[in-house]
Amino acid sequence: MKRLLIIGLVLLVSTSLCAQMRWNSRYQAYIDQYKDLAIAEMLKYDIPASITLAQGLLESGAGMSKLALKSNNHFGIKCHDWDGATTRHDDDAKNECFRVYRDVHESYEDHSRFLSRQPRYRSLFKLKRTDYKGWARGLKRCGYATNPAYAKQLIGIIELYKLHRYDKASRYDRFMVERSSVKGIAGGMGLHPIHIYNKNYYLKARQGDTFRSIANEVGISYKKLAKYNERDRDDELVPGEIIYLKKKQKKAEKVYKKRPHRVKAGESMYSIAQYYGIRLSSLYKMNDLDPDYSIKVGDLLRVR
């Protein structure tokens, strides 16, 4: 019976790990949103960005846990030696005390300070920045979490999403770091998830969004935001449409070098340009078309 119980527990842990290790878009969206913040913290405190991201993903459920949504606490750090705001939450025990942060940036910064100032984690800083496995095992050994599979979970996440590539980074995007300091939530739905495509950042418009409301959230002038998307600043936005946060590229990604776009019903030159993350003027130029040309279903357009 004892042997069967042990086998059952092993299978349960393995099944849980497998379920968690499947790639999912929510995890990728979290990585796109906070990888630059993790890199910034790494360059300041020498904690691998892969470890910070993996812990943030695991501890916050990719930013969707109650602690993350209501308290901006992405690392499950409790109240010990904390003078700031607090909240109560069931964890290893009922009604435990956790730290509350003003924004996600403060949570990441406190996580870095927490590890770098606690004597029990001192040995980790003797490891190479690229030794994510050593860091993962060390965090478990030093008591960061009680879950016996904690190190395996971190390593699994890092390898599945290739987070270790960020451990060699020497720069980061300040725009994304600054965005993590946005306080409060937008329209009661939380901040828009940020995605990366064709060397640009984008989000998808929601019901009721305007260039002004999105601009307030991301910290960009609404006039610039409209200009980046080649639109009038007062245009109505349709839920689901892509809004780029920087000036678009002149060409599509390299994969489309020998893959022209075949025009489908309902498409326009503008919708095609948005789809590939390229400037409308560049799309016309690449195809030697005048701005007044009306595309037809079946037309082939170069996008790179």
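This is a predicted model: local features need pLDDT of at least 70, side-chain atom pairs count only at pLDDT 80 or more; totals for chains, interfaces and linings use all residues.
Local features were taken at pLDDT of at least 70 and side-chain atom pairs at pLDDT 80 or more, while totals for chains, interfaces and linings use all residues. Residues are numbered from 1 along each chain as its sequence is written, and side-chain values use heavy atoms, with hydrogens and water left out.

D36 lies in helix α2 (residues 25–45); helices are DSSP runs of H or I with at least four residues, numbered from the N terminus. D36 is buried, at a relative accessible area of 3% (buried is under 20%, with a 1.4 Å probe and protein chains only). Its side chain forms a polar contact of 3.0 Å with that of Y201 (N or O atoms within 3.5 Å, one able to donate a hydrogen and the other to accept it). Beyond four places in sequence, D36 touches Y172, D173, M176, V177 and Y201, contact meaning heavy atoms within 4.5 Å.

Helix α2 also packs against helix α3 (residues 49–60), with axes that come within 8 Å and cross at roughly 135° (axes are fitted to C-alpha atoms over the stretch in contact, and angles run from 0 to 180 degrees between N-to-C directions). The pair is therefore oblique, the class left after under 35 degrees (roughly parallel), over 145 (roughly antiparallel) and 65 to 115 (roughly perpendicular). Residues Y27, Y30, I31, Y34, K35, A38, I39 and M42 of α2 meet A49, T52, L53, G56, L57 and S60 of α3.

Helices α6 (residues 132–141) and α7 (residues 150–160) pack at about 150°, their axes 8 Å apart. This angle makes α6 roughly antiparallel to α7.

Methods: Helices (H or I, at least four residues) and strands (E, at least two) are DSSP runs, numbered from the N terminus. Buried means under 20% relative accessible area, exposed over 50%, partly exposed in between (1.4 Å probe, protein chains only).
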